[in-house]
Amino acid sequence: MFIIYIKEGARRVLILSVLQLSHKSNICAALVTMVSLHPLIGSGYKGTTDHAGGKLYCHCGDAPVEVTLSSNVAFNHACGCSKCWKPADALFSIVGVVPREKLAVTANESKLRIVDPNAAIQRNACKECGVHMFGRIEVDHAFKGLDFVHTELSKGGGKDGWQEPQFAAFVSSIIEQGFNPDGMAEVRGGFKHAGLESYDCLSPTLMDLLAAFTAKKAGTFKSKV
């Protein structure tokens, strides 16, 4: 069996499992599966720098959980980890951060539960529909004080002023979730076509913040060279 990966624009990757080859037509039969990086990736959407925030909703048709953000997000990015919530048929989530004091649960808070109390990021999800409404860090951490949110949960699907995705993180982690590694070049190519750098950790800026936090705790941090 031959595996051929064909990129369609920046948003999607066509995975063709070629079952039979013909000398005349090259491909006799193929099974085609469409896999989306994420609906926001490659859509051409650009946010506004003065966006003041808005409301996010879980997917419940009746009494949805409502979270109100009083600022725009920062570091909005595609994430390939297995922990972040993502829409159906998407390889990546889109997640950004807001200061903790800029987030409030404004309706149906009783429907929330913490997915994994032992995780550094305590993801608060709706008990009924399973959508993650926000993630909060309570332990000593470089990102403590920042809440993780998914702007696509807004009425505008994340396209109503919120910061657009800035980069892709933990890209190779999708392999651990069953993605064929032979297709990773096309996945990274899709992000590049969309104008996004892809990393197998966080972006350099965020990694520098983590390293500085560790250095300060160890007493090795120097503010001047």
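Q: What kind of model is it, and how are residues numbered?
A: It is a predicted model: local features need pLDDT of at least 70, side-chain atom pairs count only at pLDDT 80 or more, and totals for chains, interfaces and linings use all residues. Residues are numbered from 1 along each chain as its sequence is written, and side-chain values use heavy atoms, with hydrogens and water left out.

Q: How many helices and strands?
A: The chain has three helices and 14 strands. These are DSSP runs, numbered from the N terminus: helices are H or I with at least four residues, strands are E with at least two.

Q: How much is buried?
A: 44% of the 225 residues. Buried means under 20% relative accessible area, exposed over 50%, and partly exposed in between, with a 1.4 Å probe and protein chains only.

Q: Salt bridges next. How many?
A: Six in the whole structure. The criterion is a side-chain nitrogen of Lys or Arg within 4 Å of a carboxyl oxygen of Asp or Glu.

Q: What does Lys-55 pair with?
A: Glu-66, with the closest N and O atoms 3.5 Å apart. Lys-55 is in strand 4 (residues 54-57) and Glu-66 in strand 5 (residues 66-69), so the bridge ties together parts eleven residues apart in sequence.

Q: Is Glu-66 buried or exposed?
A: Glu-66 is buried, at 15% relative accessible area. Lys-55 counts as partly exposed, at 36%.

Q: What about Glu-138?
A: Glu-138 bridges to Arg-100, closest N and O atoms 3.2 Å apart. That pair links distant parts of the chain, 38 residues apart. Glu-138 sits in the loop between strand 11 (132-137) and strand 12 (146-149). Arg-100 sits in the loop between strand 7 (93-99) and strand 8 (103-107). Both are partly exposed: Glu-138 at 38%, Arg-100 at 30%.

Q: Which residue does Lys-217 meet?
A: Asp-140, at 3.1 Å from N to O. Lys-217 is in helix 3 (residues 204-218), and Asp-140 is in the loop between strand 11 and strand 12, 77 residues apart. Lys-217 is exposed at 56%, and Asp-140 is exposed at 53%.

Q: Switching to packing. Which residues have the most contacts inside the largest nonpolar core?
A: Leu-56, Val-67, Leu-69, Met-133 and Phe-134, in a core of 20 residues. Strand 5, strand 8 and strand 11 each supply at least two of its residues. A nonpolar core is a set of buried Ala, Val, Leu, Ile, Met, Phe, Trp, Tyr and Cys residues joined through side-chain atoms within 4.5 Å.

Q: What is Leu-56 in contact with?
A: Leaving aside neighbours within four places in sequence, its partners include Val-65, Met-133, Val-149 and Trp-162. Contact means heavy atoms within 4.5 Å.

Q: Last one: where is Lys-46?
A: In the loop between strand 3 (26-36) and strand 4. Lys-46 is exposed, at 61% relative accessibility. Its C-alpha is 8.7 Å from that of Pro-165, 119 residues apart along the chain.
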